[in-house]
Amino acid sequence: MTPHTLRGLASGLFVAAVVVISFQYFFQDDNESDANAETVRSAAPTSSIDDYTDETLYNALLERDYDFPVSETERIVDEQNEETVLYVVIHEGMTSDDVAQVLVDSGFIATTNEFIEPLYERERQTQIQTGLHNVTNEYSIDEIIETFTTP
């Protein structure tokens, strides 16, 4: 084969490939395209829950009509067990003072210092975890700190 013939053959294969790909792209049936897109989506690796921020995860669950037990902070009294459960959503950016204020507002502690001082003594003030937490009126301050600072 001469170089001229070989070059002509390669050019012909290239043009044929471009024609086939463009034909497939422009004249593909819409249903087939949707099916292919769904196949690609399902074949793609799924993200870990750790890849989401609290806000994106919260919004994704809202889009799917997930029924959250609470919206922000909710106090639920179980009269049978004489127990009060406090559900708290800690958002990114909330400080330990904000969390202490939630506990005061809900009646779990009398002053913010009841939470802040032991938190600082244990040097855990920067370890408060975002997300939904629940504590009961049976919890000690140590248990509340542990609940809010353990991932």
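Mentor: Let us begin with the general idea: an angle between axes under 35 degrees counts as roughly parallel, one over 145 as roughly antiparallel, one from 65 to 115 as roughly perpendicular, and the rest as oblique. Please keep in mind that what you see here is a predicted model.

Trainee: At roughly what angle do the axes of helix α4 and α5 cross?

Mentor: The axes of helix α4 (residues 96-105) and α5 cross at roughly 140° and come within 8 Å, and α4 and α5 are therefore oblique to each other. On the α4 side the contact is made by S96, D97, V99, A100 and L103, while α5 contributes F115, I116, L119 and Y120. The crossing of these two helices, α4 and α5, is right-handed.

Trainee: How are α5 and α6 oriented to each other?

Mentor: Helix α5 (residues 113-121) packs with helix α6 (residues 141-149) at an angle of about 70°, their axes being 10 Å apart, and the two are therefore roughly perpendicular. Here E114, F115, P118 and L119 in α5 meet I141, I144, I145, F148 and T149 in α6, and the crossing of α5 and α6 is again right-handed.

Trainee: Turning to charges, how many salt bridges does the structure hold?

Mentor: There are two salt bridges in the structure, and in one of them the side chains of R122 and D142 meet at 2.2 Å, N to O. This pair links distant parts of the chain, since R122 lies in the loop between α5 and β3 (131-136) and D142 in helix α6, 20 residues apart.

Trainee: Which residues make a nonpolar surface patch?

Mentor: F14, V15, V18 and V19 make a nonpolar surface patch of about 380 Å², and V15 has its place in helix α1 (residues 3-27).

Methods
Residues are numbered from 1 along each chain as its sequence is written. This is a predicted model: local features need pLDDT of at least 70, side-chain atom pairs count only at pLDDT 80 or more; totals for chains, interfaces and linings use all residues. Side-chain values use heavy atoms; hydrogens and water are left out. Patches are made of residues with over 30% relative accessible area and no salt bridge: like charges are joined within 9 Å, nonpolar side chains (Val, Leu, Ile, Met, Phe, Trp, Tyr) within 5 Å. Accessible areas come from the Shrake-Rupley method with a 1.4 Å probe; for residues, only the protein chains shown count as cover. A salt bridge is a side-chain nitrogen of Lys or Arg within 4 Å of a carboxyl oxygen of Asp or Glu. Helices (H or I, at least four residues) and strands (E, at least two) are DSSP runs, numbered from the N terminus. Axes are lines fitted to C-alpha atoms, for helices over the stretch in contact, and angles run from 0 to 180 degrees between N-to-C directions. A crossing is left-handed if the near helix is turned anticlockwise from the far one by less than a right angle, and right-handed if clockwise. Contact means heavy atoms within 4.5 Å.
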